[in-house]
Amino acid sequence: MVVVQTDDFNVADLTAQLRTRTAGQAGALVTFTGYVRDYAEGQHTRTLFLEHYPGMCEREITEICTQAQQRWNVPEPVVVHRVGELGNAEQIVFVGVASAHRGDAFRACEFIIDALKTRAPFWKRETLSNGERFWVQQRETDAEKTARWGTDTSTDTTEPS
């Protein structure tokens, strides 16, 4: 399940839905929730505006989930990503992964969030408490994390090198 929306989401509900859909198949369930935080030094973040490329964004996230399913035993990853104007400390993204084994669930969840940060067509504009606005640049460390996973989508039960 991949959803891009402006509305907030309920982590407990999404986790329960994933657990219900994977009942009998999963012995482990791993979730990640990302929040708006202060990005700039010396000023507090007031808001983060997330813009996306509709259609293309959902297709890329679906492809990321498919790659996770091909690499690890994870039947139905869930990704919910918000767009629009979000205040400091608001939820941005939820990733939920269930698997028979915890290792696959952890690795698939980490892979999905790493790939989301660098491959999905989202753009972020930060507004500071003093009113200053700027577009957030992708960090080199995020690109490095994604690159460590490689592009091979064959079954892979190892961690990134």
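Here is a walk through the structure shown above, from the whole chain down to a few single residues. The model is predicted, so local features need pLDDT of at least 70 and side-chain atom pairs count only at pLDDT 80 or more, while totals for chains, interfaces and linings use all residues. Residues are numbered from 1 along each chain as its sequence is written, and side-chain values use heavy atoms, with hydrogens and water left out.

Let us begin with the fold. The chain holds four helices and eight strands, where helices (H or I, at least four residues) and strands (E, at least two) are DSSP runs numbered from the N terminus. Read from that end, the order of elements is β-α-β-β-α-β-β-β-α-β-β-α.

Now for the overall dimensions. A compact globule of 161 residues would have a radius of gyration near 15 Å, and the 16 Å of this chain agrees with that; the radius is taken over C-alpha atoms, and the globule rule is 2.2 Å times the number of residues to the power 0.38. Along the principal axes, the C-alpha atoms fill a box of roughly 50 × 35 × 30 Å. Among contacts in the chain with a separation of 6 or more, 76% join residues 24 or more positions apart, a contact being heavy atoms within 4.5 Å.

Next comes the surface. The chain has an accessible surface of about 8,600 Å², and carbon and sulfur atoms own 48% of that area; the areas come from the Shrake-Rupley method with a 1.4 Å probe, and for residues only the protein chains shown count as cover. Of the 161 residues, 41% count as buried. Buried means under 20% relative accessible area, exposed means over 50%, and partly exposed lies in between (1.4 Å probe, protein chains only).

Arg125 sits in strand β7 (residues 122-128) and is buried, because its relative accessible area is 18%. Beyond its neighbours within four places in sequence, Arg125 touches Thr47, Leu48, Phe49, Glu85, Arg133, Phe134 and Trp135.

His101 lies in the loop between β6 (91-99) and α3 (102-119), and counts as exposed because its relative accessible area is 55%. His101 and Gly27 are 74 residues apart in sequence, yet their C-alpha atoms are 5.9 Å apart in space. Ala89, in the loop between β5 (84-87) and β6, is exposed at a relative accessible area of 53%. Its phi is near 80 degrees, a positive value in a residue other than glycine.

Gln138 belongs to the loop between β8 (133-135) and α4 (140-148). At 47% relative accessibility, Gln138 counts as partly exposed. Leaving out neighbours within four places in sequence, Gln138 is in contact with Lys117, Thr118 and Ala143.

We finish with the cysteines. A disulfide is a covalent bond between the sulfur atoms of two cysteines. Counting a pair of cysteine sulfur atoms within 2.5 Å as a disulfide, the total is zero disulfides. For Cys57, the nearest cysteine sulfur is that of Cys65, 11 Å away; Cys57 is buried, with a relative accessible area of 0%. Cys109 is in no disulfide either, and its nearest cysteine sulfur, that of Cys65, is 10 Å away. Cys109 is buried too, at a relative accessible area of 4%.
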